[in-house]
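Visitor: I have a new model open on my screen and I'd like to learn how to read it. Could you walk me through it, feature by feature?

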Amino acid sequence: MKHWKTLALSTAISVLGLPALAQEVTTLRLGNWLPPHHLIVSKILKPWAAAIEDETGGSLQFEIMTSALGPPPAQFDLLLDQSFDVGYGVSGHNPGRFSMTQVIDLPFMSPDPWAGSSASWLTYQKFGAEYGEHEGAHVVGLFTHSNPNINMAGGRVETLADLEGKTIRVGGNVTGRMMAELGASPVQLPPTEAQTAMSRGVADGITFPSESIAFFGITPAITSVTRIPGGLYTDTFWVAFNEDSWNSLTDDQRAAVEKHSGMAIAMLAGFAWTSDDITGEQALRDNGAEFLTLSDEDLATIRDRLKPLETEWIEQANAKGFDGEEILSYAREMVQNYLTDKSGFTQK
């Protein structure tokens with residue numbers, strides 16, 4: 001394991017004038033592959049780490065790394081290899097490896113990041129120990145991003161028919177399949193190349209939340225944004241400790257981590273993406289982008305066309321010895337329990 005312990009002398013003096021006792025401090029390296037200003041780092045990981053540090057009175061500290069030790073798909077293996085003590089990543093970056101955990105990634109499972117993140121964690125908490133998908137690691141949190149839109153640089157998608165033949169940049173094979181099923185021609189490109197691709201006509205648009213459009217500097221290229229109510233897709237992110245690093249912590253330290261993880265991470269993610277989506281959307285409006293919403297009729301058609309993805313997931317779960325219908329049903333129940341429109345937070 002890569003963490004280390006030091007002795008930190010308190011500068012406080014007791015009321016008796018005696019020096020404070022030395023405190024043993026454990027510092028954990030947190031593997032990071034994103035810029036420090038990305039919301040996952042600044043609004044999820046940093047507040048999470050700070051809460052634990054405060055809870056333990058400083059006996060547990062986190063060093064968030066400033067440079068990546070490998071590409072995003074390598075993060076889980078780097079964690080298992082003890083390249084760092086704590087890591088995070090996108091489950092979909094390793095196709096087929098975390099398929100059970102990715103139940104919330106299915107079409108229309110995550111209507112908003114609060115519901116999606118909460119349901120993702122609670123479903124994993126109930127069934128995840130059986131999956132065996134994260135052996136060698138101790139998962140402390142799962143979360144999802146916010147609803148993606150169809151952001152167009154050329155033309156507009158007012159109806160599903162308008163998507164026919166359009167070239168849409170996607171981030172992965174599952175999203176690519178969705179776009180293909182809906183009549184578009186998917187092209188897989190890094191987000192850093194999206195604006196150039198659209199300006200050169202290589203892509204007509206991109207599937208992304210408004211937050212990501214702003215973060216990757218794509219706002220100037222977008223002329224119209226089409227919302228798909230209910231959440232067309234999402235990605236499930238994991239936060240985990242290397243098993244040895246986790247076991248090396250004291251009981252009190254583990255209790256502090258657990259107190260501020262799980263649903264607490266889900267809530268941090270819900271707030272982070274909701275707030276940054278609002279900022280990203282305002283930037284799009286200021287740039288003159290038009291906002292559209294697909295009709296209920298088109299949404300029904302999309303659900304019907306994408307139903308095979310759900311059927312296939314259930315079949316895969318059953319083939320692995322799990323009750324796919326039970327897991328999916330529980331996940332949907334948790335989504336409904338945590339929908340933000342019950343509290344008036346849904347963005348109109």
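Guide: Let's start with pockets. On a 1 Å grid over the protein atoms alone, a cavity is a set of points where a 1.4 Å probe fits but cannot get out, whereas a pocket is an open set with protein on both sides within 12 Å along at least five of seven lines; lining residues have an atom within 4 Å of a point. Grid points are joined across faces, edges and corners, and the volume is the space filled by probe spheres set on the points. Here, the largest pocket holds about 1,300 Å³ of space. Its lining counts 43 residues, and Val90, Gly92, His93, Gly171 and Asp235 are the closest to its centre.

Visitor: Before we go on, what kind of model is this, and how are residues numbered?

Guide: This is a predicted model, where local features need pLDDT of at least 70 and side-chain atom pairs count only at pLDDT 80 or more, while totals for chains, interfaces and linings use all residues. Numbering runs from 1 along each chain as its sequence is written, and side-chain values use heavy atoms, with hydrogens and water left out.

Visitor: What does the radius of gyration say about the chain?

Guide: It is taken over C-alpha atoms, and the globule rule is 2.2 Å times the number of residues to the power 0.38. For 348 residues, a compact globule would come out near 20 Å; the chain has 22 Å, which agrees. The C-alpha atoms fill a box of roughly 75 × 50 × 40 Å along the principal axes.

Visitor: How do I read burial, say for Gly89: buried or exposed?

Guide: Buried means under 20% relative accessible area, exposed over 50%, and partly exposed in between (1.4 Å probe, protein chains only). Gly89 has a relative accessible area of 1%, so it is buried. Of the 348 residues, 52% count as buried.

Visitor: Where does Gly89 sit, and which residues does it touch?

Guide: Gly89 is in strand S4. Contact means heavy atoms within 4.5 Å. Leaving out residues up to four places away in sequence, Gly89 touches Trp33, Thr236, Phe237 and Trp238. From Gly89 to Gly31 it's 58 residues in sequence and 9.6 Å in space, C-alpha to C-alpha. In the chain, 75% of the contacts with a separation of 6 or more are accounted for by residues 24 or more positions apart.

Visitor: Which loop holds Pro35?

Guide: Pro35 is in the loop between strand S2 (23–30) and helix H1 (39–55). With a relative accessible area of 31%, Pro35 is partly exposed. Not counting residues up to four places away in sequence, Pro35 touches Val41 and Phe215.

Visitor: What about backbone angles: what is phi at Phe108?

Guide: Phe108 has a positive phi of about 65° although it isn't a glycine. Phe108 is in the loop between S4 and helix H3 (113–131), and at 10% relative accessibility it counts as buried. Gln82 also has a positive phi, near 65°, and is found in the loop between helix H2 (75–80) and strand S4 (86–90).

Definitions and conventions
Helix = DSSP H or I, 4+ residues; strand = E, 2+ residues; numbered from the N terminus.
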